[in-house]
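This report goes through a protein model by fold, helix, core, aromatic pairs and metal site. The sequence and the coordinates come first.

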Amino acid sequence: MTDTRDDFVVSFKPHPGYDAPLFVIKGSTAAEIADKIASVEATGLFATVGNADKTFKGFFLVGSELGGQPVEHPSTVQANGYTPPATPPPAAPAGTPPGMTAPTCPHGTKVFKTGQGKRGEWKAWMCPARQGDPSQCKPEWL
Ligand SMILES: [Zn+2]
């Protein structure tokens with residue numbers, strides 16, 4: 001484990017309520033934050049967190065207010081101010097595309113990732129080093 005300093009911290013709340021889940025992304029550089037946000041968007045993690053928050057609250061309410069044991073996944077419940085995307089973005093990684101050879105770096109074989117960002121679809125070879133590793137190579141954008 002390398003001790004890294006997180007100079008940049010970005011937190012997201014889907015709505016101003018005290019009960020809003022808090023999503024925090026930390027990084028030592030602005031570029032690292034941007035990369036992490038792109039990967040969060042690519043994996044649909046915000047939607048997953050939103051669903052998990054609603055699931056928790058749904059189970060909590062049913063259990064505490066009604067004494068019930070829920071058996072259905074309450075993922076369609078809408079919370080105030082937060083609407084999950086109708087179709088979550090495709091999950092990464094997509095695997096190595098046919099006809100392409102994965103490049104390597106000092107950390108091993110790079111991983112092909114793709115997703116939808118603010119500026120459209122992105123594709124990149126990602127270094128397999130642990131997230132937050134200061135020696136991690138920059139994404140190789142395609
Ligand atoms: Zn690397």
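The sections below describe the model and give the cut-offs for each term.

## Basis of the model

The model is predicted; local features need pLDDT of at least 70 and side-chain atom pairs count only at pLDDT 80 or more, while totals for chains, interfaces and linings use all residues. Residues are numbered from 1 along each chain as its sequence is written, and side-chain values use heavy atoms, with hydrogens and water left out.

## Overall fold

The protein has 2 helices and 7 strands, where helices (H or I, at least four residues) and strands (E, at least two) are DSSP runs numbered from the N terminus. Along the sequence the pattern is β-β-α-α-β-β-β-β-β.

Of the 142 residues, 27% are buried. Buried means under 20% relative accessible area, exposed over 50%, and partly exposed in between, with a 1.4 Å probe and protein chains only. Among contacts with a separation of 6 or more, 34% join residues 24 or more positions apart; a contact means heavy atoms within 4.5 Å.

## Helix H1

Helix H1 covers residues 30-43, 14 residues in all, and reaches 20 Å from its first C-alpha to its last, close to the 20 Å expected at 1.5 Å a residue. The expected span is 1.5 Å times one less than the number of residues. Glycine 44 follows H1 and has a positive phi, near 70°.

The buried residues of H1 are Glu32, Ile33, Lys36, Ile37, Ala38, Val40 and Ala42. They pack against strands E1 (8-12), E2 (23-27), E5 (111-117) and E6 (120-126), and against helix H2 (45-66).

## Nonpolar core

The largest nonpolar core consists of 5 residues: Phe23, Ile25, Ile33, Ile37 and Val40. Such a core is a set of buried Ala, Val, Leu, Ile, Met, Phe, Trp, Tyr and Cys residues joined through side-chain atoms within 4.5 Å. E2 and H1 are the elements that give two or more residues to this core, and H1 provides the largest share, 3 residues.

Leaving aside residues up to four places away in sequence, phenylalanine 23 touches Val10, Ser11, Phe12, Val40, Leu45, Phe46 and Val49. Phe23 also forms one aromatic cluster with Phe12 and Phe46.

## Aromatic pairs

The whole structure holds 5 aromatic pairs. Rings of Phe, Tyr and Trp (its six-membered ring) pair if their centres lie within 6.5 Å; planes under 30 degrees apart count as stacked, over 60 as edge-to-face and the rest as tilted. Phenylalanine 112 and tryptophan 125 are an edge-to-face pair, 5.2 Å centre to centre with 65° between the planes. This pair links strand E5, which holds phenylalanine 112, to strand E6, which holds tryptophan 125, 13 residues apart. Phenylalanine 112 is buried at 7% relative accessible area, and tryptophan 125 is buried at 2%.

Tryptophan 122 and tryptophan 141 are also edge-to-face, 5.8 Å centre to centre with 85° between the planes. Because tryptophan 122 lies in strand E6 and tryptophan 141 in strand E7 (residues 140-141), the pair ties together parts 19 residues apart in sequence. Tryptophan 122 is buried at 11%, whereas tryptophan 141 is partly exposed at 47%.

## Zinc site

The zinc ion has four protein donors, Cys105 (SG), His107 (ND1), Cys127 (SG) and Cys137 (SG), lying 2.0 to 2.4 Å from it. Donors are N, O and S atoms within 2.8 Å of the metal (3.2 Å for Na, K and Ca); water is not among the atoms, so sites may look incomplete. Along the chain the donors follow the spacing C-x1-H-x19-C-x9-C.

The arrangement is tetrahedral because the 4 donor atoms subtend angles of 95 to 115° around the zinc ion; four donors count as tetrahedral if all angles lie between 85 and 135 degrees. Cysteine 105 is buried, at 14% relative accessibility, while histidine 107 is partly exposed, at 31%.

Methods. Tetrahedral: all angles 85-135°; square planar, octahedral: opposite > 155°, others 65-115°.
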